[in-house]
Amino acid sequence: MSKKTETVLSGAQATAEAIKLCKPEVIPVYPITPQTGIIETISQMVADGDLDAKIINVESEHSAMAAAIGAQATGVRAYTATAGQGMALMHEMLFVASGMRLPIVMSVSNRTLSSPLNIWNDQQDSFSERDSGWIQLYVENAQEAFDTHIQAFRIAQETDTPVMVCMDGFIVSHTYESLELLGEDKVKSFLPEYKATFKLDPANPVTMGPVASPDYFVKFKKQQQDAMLGAKENIKNANEKYAEISGRKYGNGLIELINMEGKENAIITIGSMTGSARELAEKHGIGIIRVRCLRPFPVEDLQEACKDLKSIGVLEKDISFGANGALYDEIKAALYIIESRSKVSNFIIGLGGKPISLEDISSIMEKVKQGKEGVEWLD
Amino acid sequence: MTNIEIGAVVKNAGSSIKNKTGSWRSTKPIVTDSCTGCKICEFYCPDMAIKVVDGKAKIDYDYCKGCMICMEVCAAKAIEKEREK
């Protein structure tokens, strides 16, 4: 038996501990609140000789992702972390990474986007990149941040698709929690050595990132979409296998069902807000469906979980201006296919770090039980 | 259509040799006798189409796209511009 280590760490530190165990060889970094704690901790590990990696101090997040792409293309694991404006600046390079099918892993400490300037948490940054071709996993707490990063490296290399692990800035990244780490031997048994499908190697030269004419381009994009849809199985499987080494499991990997047995109504949550909802679900006699994986979108799992519900409330920290909360619209589209007649409501909460109180969640739960429809902003 | 590789990787490297991009040129740099062979143009050429051979810049017109950066950077003002016909 390898030893279990119980400790108290912030989400950022827990993430750094997971990265240390997964041993990326190149880590291009650029600081931005509330992500900096992750990179700061990793830089310290490298300086202390606890992690053998090359830290590259780059001049922007666009460069950070460009450097990660170049590094991963040589056949080593590359990792970086970002948030908010930094992620927005990466936008162009995110599509390059996924299009080149480079399994980079990135942490996102979710922060809203300017303007007005605001450093606090919502999920507008990563929701705005949901079409970038990256797998997106949203964690609830520091323990899950640790666990999910280790899974992310495995999912990425199995699918040749980059993965971002999103944690709510400050709420998860800066909050200290008691958690359990894993020994190196266990991680080694879970995460096979990385062998790149293709790599830049002077002995066997290849061309990466070439021009593609329209006929070919369509085929590459379809190939990418097939890999993304197929990744659902890899994410479920990583969740199962990880449970074997850690004893911890997050729903089926894609969604988690909480207090759902025999319930007619449910709320759908994503990220750290789920913690508050857990406290209240039983009291209000309502279920919770937590979306852990936003991309690939777990359509079938959500349809199955929602098919017999009378009323569903979707809680989210983003707004697709001129439409609705992005998750709400996707859930409604998924339900339309199964001809569900559930009432579906949308609650736009926690934008720009606006605290979400237990009273807020209680009132949402009651509204959902009463069969509310449409969009409501909690301001 | 040939098989496509993951991420559009081209397994047979060097495919760009076949694509003679010199045909895109509308202006042509001409190296004159004032060339000192200092290699500034060789370093700056974005297409790696210039090599200094025997103390003089030699342009590979198969791949020179005629951007004229060599003329801009030439300290000896040894490169002249000609219009392609």
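The questions and answers below concern a predicted model with chains A and B.

Residues are numbered from 1 along each chain as written, and chains are lettered from A in the order written. Local features need pLDDT of at least 70 and side-chain atom pairs 80 or more, while totals for chains, interfaces and linings use all residues.

User: What is the mean pLDDT of chain B?
Analyst: The mean is 94. pLDDT is the predictor's confidence in each residue, from 0 to 100. In chain B, 98% of residues reach 70 or more. The model scores ipTM 0.82 and pTM 0.92.

User: Why is R101(A) called buried?
Analyst: A residue is buried if 20 or more other C-beta atoms lie within 10 Å of its own, exposed if 12 or fewer, and partly exposed in between, with C-beta atoms placed from the backbone. R101(A) has 25 within 10 Å, so R101(A) is buried. Its phi is near 60°, a positive value in a residue other than glycine.

User: Why does A8(B) count as buried?
Analyst: A8(B) has 22 C-beta neighbours inside 10 Å, so A8(B) counts as buried. A8(B) also has a positive phi of about 60°.

User: What makes these phi values worth a remark?
Analyst: Most residues other than glycine have a negative phi.

User: Which residues of chain A and chain B are said to be in contact, and how many?
Analyst: Two residues are in contact if their C-beta atoms, placed from the backbone, lie within 7 Å. On that basis, 16 residues of chain A are in contact with nine of chain B.
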